[in-house]
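Please read the following briefing alongside the sequence and the model. It is arranged by topic, so that each point can be checked against the coordinates.

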Amino acid sequence: MWRWASCLCLLIVLNAGCQRRDPGTWTLGNEAKKLTPEIQTKVAAVLEERCGTLDAPKMLGDDKFDANKLALGRAVYTKRCVQCHGTNGDGQGPAAATLLPKPRDYRRGVFKFTSTPYGFKPRRDDLVRTARKGIPGTSMPAFNLLPEKELQAAIDWVIALTHRGELELQVVNAAEADDEVDLAAVPETVSDILAGWDRADEASVVAATPQPKFKVDHIIAGKQAFLTRGCVKCHGEDGRGQTPDNLRGDLKDSWGHPTRAADLTSGMLRGGQEPMDVYRRIFAGINGTPMPAFQQALAAEPETIWNLVAYVLHVSSDRRRGKILEAGSIAPFK
Ligand code: HEC
Ligand code: HEC
């Protein structure tokens, strides 16, 4: 009898432990805590007016949004994404504490793996691609088995969270500066946010020169460029990132999380391993991280970017080709 009772207790405790604490409603993020309770209430009212509530959401600036699709998006997100990216999309789901790199905080509207120039928002297709393929070498899974309809709906939800988050952070920052919520300024803030997304739709990075058929000469020229165009400073001579900056481990990304220059030999290119993926990383840099855009620096020698791509793809297969690399001193993130 006692044994049954204790088993039951254990089950109840375990079960409770598995349940996610979903607040069931959108809350303001930590950034708003610096405001007085009255101002926080006003910020929340602006968000509710523009973005609705968790149960009755709206798509910022779009009166004709499909409420059913958004509801499906919320359901998929709650099942598959919320544990990492959080109910508000602030990247602080319950699993996030133990993960590095951290799940994306959508609210800044900054995304890493885009097909757009440096500093631009992503195109919708970039987000779809990331969700479908995942981000190799990180905890971001590939959702390629999700039905297309669910995947697209989840991306709608990610965009809704991003819009809401961008509005929240901008209204909070302005309210902190003015000690008041300037309601008259909200429409302009909203149209600036939406304009950034519209601009991205028109601004895909296209290669400055057509992709050559890679031969060993491209790899050799790419290695030469890698050693002489500044890559070594961060990625090290052999591309593994065994550099003093990485070793100190104090580099931060724009979300305030630890980051380091990629180990290009790891065989796991986060942004994808198609030649054009690597081209975009080098040409347009990686938003929010120390990886700079080389568009300007290499403008006079555009073919060098393809040589670098050939070289990066070559070293990223080193281990697969059986090359045994010496142990380095860079330890995993703590
Ligand atoms: C197990 C944790 C986890 C789950 C579950 C998860 N993600 Fe992520 N996600 C991450 C991490 C970690 C990153 C950041 C990786 C990085 O910075 O390189 C990320 C990044 C992203 C990004 C940003 C990519 C960029 O270009 O900056 C998008 C979009 C995204 N995830 C969408 C989703 C969607 C949609 C789902 C659910 C269908 C989902 N994620 C589920 C961990 C997760
Ligand atoms: C100031 C430091 C810095 C310099 C200089 C730099 N990188 Fe990077 N690079 C980074 C960081 C940091 C990342 C990782 C970004 C992330 O995913 O968080 C990165 C990522 C990359 C990636 C993407 C890897 C992936 O996982 O998809 C490629 C490709 C790359 N760098 C190539 C280059 C090349 C080629 C050069 C020289 C032309 C270069 N980098 C110069 C810091 C740098």
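Predicted model: local features only at pLDDT ≥ 70, side-chain atom pairs only at ≥ 80, totals over all residues.

Residues are numbered from 1 along each chain as its sequence is written, chains are lettered from A and ligands numbered from 1 in the order in which they are written, and side-chain values use heavy atoms, with hydrogens and water left out.

**Overall architecture**

- The chain holds 12 helices and zero strands, where helices (H or I, at least four residues) and strands (E, at least two) are DSSP runs numbered from the N terminus.
- Taken along the principal axes, the C-alpha atoms of the chain fill a box of roughly 65 × 65 × 40 Å.
- Of the 334 residues in the chain, 43% are buried; buried means under 20% relative accessible area, exposed over 50% and partly exposed in between, with a 1.4 Å probe and protein chains only.
- Among contacts in the chain with a separation of 6 or more, 66% are between residues 24 or more positions apart, a contact being heavy atoms within 4.5 Å.

**The site of ligand 1**

- The iron atom of ligand 1 is coordinated by H85 through NE2 and by M140 through SD, at 2.0 to 2.2 Å; donors are N, O and S atoms within 2.8 Å of the metal (3.2 Å for Na, K and Ca), and water is not among the atoms, so sites may look incomplete.
- Because H85 lies in helix α4 (residues 82-85) and M140 in the loop between α5 (124-133) and α6 (148-178), the pair ties together parts that are 55 residues apart in sequence.
- H85 counts as buried, at 10% relative accessibility.
- There are 23 residues around ligand 1, of which C81, C84, H85, K112 and M140 come nearest; a residue is near a molecule or strand if one of its heavy atoms lies within 4 Å of it.
- Oxygen atoms of ligand 1 lie 2.9 Å from an N or O atom in the side chain of R104, 2.8 Å from a backbone N or O atom of K112 and 2.8 Å from a backbone N or O atom of F113.

**The site of ligand 2**

- H235 (NE2) and M291 (SD) coordinate the iron atom of ligand 2, at 2.0 to 2.1 Å.
- Since H235 lies in helix α9 (residues 231-235) and M291 in the loop between α11 and α12 (303-316), this pair ties together parts that are 56 residues apart in sequence.
- The angles subtended by the six donor atoms around the iron atom of ligand 2 run from 88 to 180 degrees, which makes the arrangement octahedral.
- H235 counts as buried, at 10% relative accessibility, and an N or O atom in the side chain of H235 is 2.8 Å from a nitrogen atom of ligand 2.
- Of the 23 residues around ligand 2, C231, C234, H235, R270 and M291 come nearest.
- An oxygen atom of ligand 2 is 3.0 Å from an N or O atom in the side chain of K112, and an oxygen atom of ligand 2 is 3.0 Å from a polar backbone atom of G271.

**Nonpolar cores**

- The largest nonpolar core has 40 residues, among which V43, Y77, W157, L167 and V181 touch the most other members; such a core is a set of buried Ala, Val, Leu, Ile, Met, Phe, Trp, Tyr and Cys residues joined through side-chain atoms within 4.5 Å.
- Helices α2 (37-51), α3 (67-80), α5, α6 and α7 (186-201) each supply at least two residues of this core, and the largest share, 12 residues, comes from α6.
- A second, separate core of 27 residues includes I305, L308, V309 and L313.

- A284, in helix α11 (residues 275-284), is buried with a relative accessible area of 4%.
- Leaving aside neighbours within four places in sequence, A284 is in contact with T116, P117, Y118, V205 and A293.
- T243, in the loop between α9 and α10 (244-248), counts as buried at 5% relative accessibility.
- Leaving aside neighbours within four places in sequence, T243 is in contact with V232, K233, C234, H235, G236 and I330.

Technical notes. Polar contact = N/O pair within 3.5 Å; in protein donor to acceptor, adjacent residues only side chain to side chain. Tetrahedral: all angles 85-135°; square planar, octahedral: opposite > 155°, others 65-115°.
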